[in-house]
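Colleague: Could you walk me through this one? I'd like to know what stands behind the labels you use.
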Amino acid sequence: MRPLSPGSVIGILGGGQLGRMLALSAAQLGYRCHIFDPDIHAPAADVAASHICADYGDRDALVRFADSVDVVTYEFENVPVAAVEHLVSRGTCIRPGAQALKVAQDRVAEKDFVTALGGTCGRYRAVDSLEALQAALHVVGTPAVLKTRRMGYDGKGQARIYKPDEAAAAWAAISGQPAIVEAFVPFQCEVSVLIVRSATGELRSYGPIENEHVAGILSRSQFPAALPDFVTAQAISLAGTIAAKLDYVGVLAVELFIVDGQPWLNEIAPRVHNSGHGTIEGSVTSQFENHLRAVCGLPLGSTSPVGHTEMRNLIGADVDQWSQLLSDDTAHVHLYGKSDVRAGRKMGHVTRVTPFGPLR
Ligand SMILES: Nc1ncnc2c1ncn2[C@@H]1O[C@H](COP(=O)(O)OP(=O)(O)O)[C@@H](O)[C@H]1O
Ligand SMILES: [Mg+2]
């Protein structure tokens, strides 16, 4: 595909806050966006040229959408792979491609994929019955985390198992769906690397970004992370290997646990990522712009940080602080336009950047 000139139309599958920030960034580059999302109140639709409101399984709507745009990308990784393959077979350019979706939609497939590339994970087993879970706990040990293989996000679809006799309760808590059971990893910290790969294979990266979760939901991210250079190099190298092996185009998020100074894979997300929201003000080029640059075949922008950057999510009622936050001169406030405030729902975020001194 030739580089897309300004005025072209980008189709985004998924219309949440990630799609909203992609669309805002696309507008800055002179592109228009069409959003595909089943939610009539999709936050991205407020800032996009058009919104097709239909189910991800609706082939006709997907074809209409694909025919109305110059390139398709996504911000939601649970689009059915078969639907994406159908669009590709009709000649739609979809970046990143179906393989990245296929691997990232399944927690077992992503861990198998990354360990085959030489990456490290904690012990894990695929389980599809209570008996299989009980047997797997002999290998994996306790404490352990049971997670649905598919569709989990923000800690949803997970249950902790502290002792083997809690297996049945955990299995019931995830409604007996196909699952993965993982040893609980005693990490020093959690980080993410956001790697951006262009259609010509150029790689750039953000991070590692240090992440803190509360109740399974990202609460706070900051970069640059205080990690030794060799850990940083290993984390970026692993992310680059994964992106290259997937022939990936766009931003790929790689979530890692740091254990004894080594990066262990937690999960990958084939899209822009919440931990990278601070790159809007904290990096020369944001993750959103670089994703679009890659998808549109443009040169990638610098991922260098411009200062120490901290991003805090506004979750549920946190968003009620919006007016105080706006009186804080150091705060960059982002609100996603969601009218329905619910506990655990990401409503916005706040970024603070302390510029590096002149000597750096
Ligand atoms: N095996 C594990 N060991 C320790 N902590 C874990 C493990 N799995 C998940 N967690 C914690 O739960 C958070 C959310 O889990 P994750 O697998 O990333 O699912 P999600 O798709 O919901 O982000 C992680 O960021 C981490 O804090
Ligand atoms: Mg995660």
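Modeller: Let's start with helices and strands: they are DSSP runs, helices being H or I with at least four residues and strands E with at least two, numbered from the N terminus. By that rule, α10 is followed by G297, whose phi is positive, near 75°. Bear in mind that this is a predicted model, where local features need pLDDT of at least 70, side-chain atom pairs count only at pLDDT 80 or more, and totals for chains, interfaces and linings use all residues. Residues are numbered from 1 along each chain as written, chains are lettered from A and ligands numbered from 1 in written order, and side-chain values use heavy atoms, leaving out hydrogens and water.

Colleague: What makes E255 buried or exposed?

Modeller: Buried means under 20% relative accessible area, exposed over 50%, and partly exposed in between, with a 1.4 Å probe and protein chains only. E255 has 12%, so it is buried. E267 has 21%, so it counts as partly exposed.

Colleague: Which residues coordinate the magnesium ion (ligand 2), and how do you know?

Modeller: Donors are N, O and S atoms within 2.8 Å of the metal (3.2 Å for Na, K and Ca); water is not among the atoms, so sites may look incomplete. E255 (OE) and E267 (OE) coordinate the ion at 2.0 to 2.3 Å. E255 sits in strand β12 (residues 250-259) and E267 in strand β13 (residues 262-269), 12 residues apart.

Colleague: Why is T351 called buried?

Modeller: Its relative accessibility is 0%, so T351 counts as buried. T351 lies in strand β16 (residues 346-355). Contact means heavy atoms within 4.5 Å; beyond neighbours within four places in sequence, T351 touches residues including H277, E281, T309 and H332.

Colleague: How many residues of helix α10 are buried?

Modeller: Eight of the nine in α10 (residues 287-295), among them F288 and L292.

Colleague: And what makes a nonpolar core?

Modeller: It is a set of buried Ala, Val, Leu, Ile, Met, Phe, Trp, Tyr and Cys residues joined through side-chain atoms within 4.5 Å. The largest one has 51 residues, and L246 and I268 are among those with the most contacts inside it. Helix α8 (residues 229-245) gives the most to this core, with six residues. A second, separate core of 30 residues includes Y31, A44, F288 and L292.

Colleague: Why is W322 called partly exposed?

Modeller: W322 has a relative accessible area of 44%, so it is partly exposed. W322 is found in helix α11 (residues 322-326).
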